[in-house]
Structures are given as structure tokens and as C-alpha cells.
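Let's take a walk through this model together, one site at a time. Have the sequence and the 3D view open side by side.

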Amino acid sequence: MKTSLDQHDALLVVDVQRDFLPGGSLAVPGGDAVVPVLNRYLGLARGRGLTILASRDWHPENHCSFRARGGTWPEHCVAGGAGAAFAPGLELPPDAVIVSKATGSETDAYSAFEGTGLARRLRERGVKRLLIGGLATDYCVLNTVRDALKEGFQVLLLEDAIRAVDVKPGDGERAEREMREAGAVPATLEDFAP
Ligand code: VGL
Ligand code: ZN
């Protein structure tokens, strides 16, 4: 049985930004591989007139998550910089809703729902179910999926369009298991009617 999509569905592309691709400052192994797959999902979503959203990590230069400030990560996704740009070749439509997160210097946010008003914006559009893919499985995808479910949205987790940082081996697999146990339904391109 193929899953059909309707106007209560939206596609959320999480943090597919240059710094998270191979060659970027916080490269996710194989991160570039999600781009062509997400483009297929973007094509499906456009064809059905779905709302398309793209979140982005959008940090000030002195962000608290950066090592220079005692944080965990190398400098990445500085607002307006080259590394914060969406991945080259990612075919976001001009009317995609851009969700910028962790924009203040003193707070980090892995979830696209944190401090962005995203839940309200989705409800205003009548969205009930989110198709979620992007980077990274074990950080921003995980936290976004957790919050989506907590906020009462159904989640289709696009398993062919996510990749993990895997700081510890197995982090990505553990994150996927946690998301499924929390109620996210795994899906791949073959599950959708063309
Ligand atoms: C992310 C680490 C730091 C992510 C963002 O988008 O998964 N990971 N900031
Ligand atoms: Zn970040």
C-alpha cells in the first residue's frame, strides 16, 4: 500500500547546509547523499501542493556551542556566511518556509521547534503530518522529530534522506530507534505513490 499525501501533510527539510556536508566545518559523513533524495521528495511535495519548510542552523559568530566559547562544536553555520547556505543542488522552491534556529548567542537549539514558533505556524496551515528528513539524524533530526510528536503532529521519518554525525558509533541507529519508539513512522521513497 502506497502512502498518499494531501494538504494536511508538509515536508520539513532539516538543516541541509554546507557546513554539514563533506568539506564543511561540521561535516556529516555522507551528508551530501541526502540531497538528490530530498529533491525527489521536494518534487512529490510540490506536485501535491504541500507546504515545504526548510530549517537552518543560523548562529551568531560568538555562538555558545562553538569551541572558542567552551562549546561542543567547531564554528559552523554562522548566519549569512557561506557555510550556513543551503546545500548546493538542493531544490527548495521559492515559496519554501525558512525556519532559522539557534539565532541568539546564548542558547543552542537542535530542534526546529525550539524558539521558532514552528508548531503554531504549522497549525495555522492545517498541517497534521510532517515528512522529515535532513541532517543530522542524531542531533537536529532527532530533536525535531521528538518535538513534532510532543506537539501532536504525526511524523513520517524519511529514512533514505537522513545521515548521522555518529560522534559515538551507533548514535544514528540509536536515534532512529528512539524516534520509531516515540511514534515516528519510517518511510522511504518507494512508500509513496509517484
Ligand atoms: C547540528 C550540531 C550542531 C545539526 C547543529 O543540525 O544536527 N548538529 N548544530
Ligand atoms: Zn549548531
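**A buried lysine, a zinc site and a helix**

Lys101 has a relative accessibility of 1%, so this lysine counts as buried (buried means under 20% relative accessible area, exposed over 50% and partly exposed in between, with a 1.4 Å probe and protein chains only). Before we go on: this is a predicted model, in which local features need pLDDT of at least 70 and side-chain atom pairs count only at pLDDT 80 or more, while totals for chains, interfaces and linings use all residues. Residues are numbered from 1 along each chain as its sequence is written, chains are lettered from A and ligands numbered from 1 in the order in which they are written, and side-chain values use heavy atoms, with hydrogens and water left out.

Back to Lys101, which is found in strand β3, residues 97-101. Strands here are DSSP runs of E with at least two residues, helices are runs of H or I with at least four, and both are numbered from the N terminus. What does the side chain of Lys101 pair up with? It makes a polar contact of 2.8 Å with the side chain of Asp15. (A polar contact is a pair of N or O atoms within 3.5 Å; within protein, one must be able to donate a hydrogen and the other to accept it, and residues adjacent in sequence count only if both atoms are side-chain atoms.) A polar atom of the Lys101 side chain also lies 3.4 Å from the backbone oxygen of Ala109. Leaving aside residues up to four places away in sequence, Lys101 touches several others, including Asp57, His59 and Cys140, where contact means heavy atoms within 4.5 Å.

Asp57 (OD), His59 (NE2) and His76 (NE2) coordinate the zinc ion (ligand 2) at 2.0 to 2.2 Å. Donors are N, O and S atoms within 2.8 Å of the metal (3.2 Å for Na, K and Ca), and water is not among the atoms, so sites may look incomplete. Along the chain, the donors of the zinc ion (ligand 2) follow the spacing D-x1-H-x16-H. His59 and His76 both lie in the loop between β2 (51-57) and β3, so the pair ties together parts that are 17 residues apart in sequence. Are these two histidines buried or exposed? His59 is buried, with a relative accessible area of 0%, and His76 counts as buried at 3%. The side chain of His59 also reaches the backbone oxygen of Ala102 at 2.9 Å.

Asp57 and His76 turn up again around ligand 1, along with others such as Asp15, Tyr110 and Cys140 (a residue is near a molecule if one of its heavy atoms lies within 4 Å of it). A polar side-chain atom of Asp57 is 3.0 Å from a nitrogen atom of ligand 1, and an N or O atom in the His76 side chain is 3.1 Å from a nitrogen atom of ligand 1. A polar backbone atom of Ala136 lies 3.1 Å from an oxygen atom of ligand 1.

Now look at helix α1, residues 34-47. Its 14 residues should span 20 Å at 1.5 Å a residue, and the end C-alpha atoms are 20 Å apart, which agrees; the expected span is 1.5 Å times one less than the number of residues. Among the buried residues of α1 are Val34, Leu38 and Leu42, and what covers the buried ones includes β1 (9-14), β2 and β4 (129-135). Just after α1, Gly49 takes a positive phi of about 70°.
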